[in-house]
Amino acid sequence: MLLYMSNSAHDERSTPLHSVSVAGTVVREDGRILAIKRADNGTWEPPGGVLELAEAPEEGVRREVYEETGIKVEVERLTGVYKNTSRGIVALVFRCRPEGGQAQLSDESIAVDWLTPAEVSERMGEVYSVRVLDALREDGPQVRTHDGRRLT
């Protein structure tokens with residue numbers, strides 16, 4: 001017996017749902033990189049968050065960096081696309097340069113600091129430090145997958 005599935009039933013089951021986030025790797029003239037220590041889990045990460053529905057990615061990066069750090073940025077270029085396969089999150093990471101503002105804490109950050117690339121590697125977990133280090137490269141954008149903890 002041959003069974004047929006309607007297109008709509010097939011589409012509902014095979015279409016994955018993803019969340020899109022954006023992050024900014026903000027690099028000062030001295031090569032230091034803006035980072036936050038997150039209030040919810042205490043980890044060091046580049047500033048960023050979920051892209052709003054009607055928001056362009058570059059607008060989202062500017063908004064998220066400013067909300068979390070008080071730093072205004074100019075977005076320079078896309079440096080990487082990162083997929084968390086366990087949570088269905090696609091992160092777009094952009095290299096940015098600071099344009100103004102004053103570093104400050106927010107509800108989402110318990111520390112804001114300008115790190116060297118070596119400090120990024122020491123303080124950030126693998127899936128976040130690779131995003132920052134990729135943004136320092138000139139051969140991007142990079143495309144990577146991870147499970148939330150390790151690159152796959």
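**Helix α4**

I started with helix α4 (residues 126–135), which lies across β1, β5, β6 and β8 and runs at about 125 degrees to β5. My helices (H or I, at least four residues) and strands (E, at least two) are DSSP runs, numbered from the N terminus. For directions I used axes, lines fitted to C-alpha atoms, for helices over the stretch in contact, with angles from 0 to 180 degrees between N-to-C directions. Contact means heavy atoms within 4.5 Å.

A note on what I am looking at: this is a predicted model, where local features need pLDDT of at least 70 and side-chain atom pairs count only at pLDDT 80 or more, while totals for chains, interfaces and linings use all residues. Residues are numbered from 1 along each chain as its sequence is written, and side-chain values use heavy atoms, with hydrogens and water left out.

**The sheet**

Next I looked up the strand order. I found an open sheet of five strands, β4-β1-β6-β5-β8, with mixed pairing. Strands β4 (48–50) and β8 (142–146) stand at the edges with a single partner strand each, so one side of each has no neighbour in the sheet. Neighbouring strands here are turned by 30 degrees against each other on average, direction ignored. Helix α2 (residues 57–69) packs on the sheet as well, touching β1 (19–26), β4, β5 and β6, and its direction makes about 110 degrees with that of β5.

How many bridges join β5 to β6? I counted twelve, and the two strands run antiparallel. (Two strands pair if DSSP finds at least two bridges between them.) One example to click on is L78, whose bridge partner in β6 is F94.

**The cores**

I looked for nonpolar cores, meaning sets of buried Ala, Val, Leu, Ile, Met, Phe, Trp, Tyr and Cys residues joined through side-chain atoms within 4.5 Å. The largest has 13 residues, and V26, V61, F94 and C96 touch the most other members. Elements β1, α2, β5 and β6 each give two or more residues to this core. Leaving out residues up to four places away in sequence, F94 touches V22, V61, V75 and L78, among others. I also found a second, separate core of nine residues, including I33, V120, M124 and V132.

**Salt bridges**

Side chains of opposite charge can pair when their charged atoms come close. I searched the whole structure for salt bridges (a side-chain nitrogen of Lys or Arg within 4 Å of a carboxyl oxygen of Asp or Glu) and got 17. In one of them, E74 meets R97, with the closest N and O atoms 2.8 Å apart. This pair links distant parts of the chain: E74 is in strand β5 (residues 71–84) and R97 in strand β6 (residues 89–101), 23 residues apart.

Which residues does R137 pair with? I found D134 at 3.9 Å, N to O, and D139 at 2.6 Å. I checked exposure too, with buried meaning under 20% relative accessible area, exposed over 50% and partly exposed in between (1.4 Å probe, protein chains only). At 3%, D134 is buried, whereas D139 is partly exposed at 47%. R137 is partly exposed at 33%. I also noted a salt-bridge network linking E52, E55, R63, E64 and E67.

**The record**

Last, I checked UniProt, where an unreviewed entry places "domain: Nudix hydrolase" at residues 16–138. UniProt positions are in the numbering used here, feature names are shortened, and annotations may be inferred rather than shown by experiment. The end C-alpha atoms of that span lie 32 Å apart, and the span is 24% helix and 43% strand.
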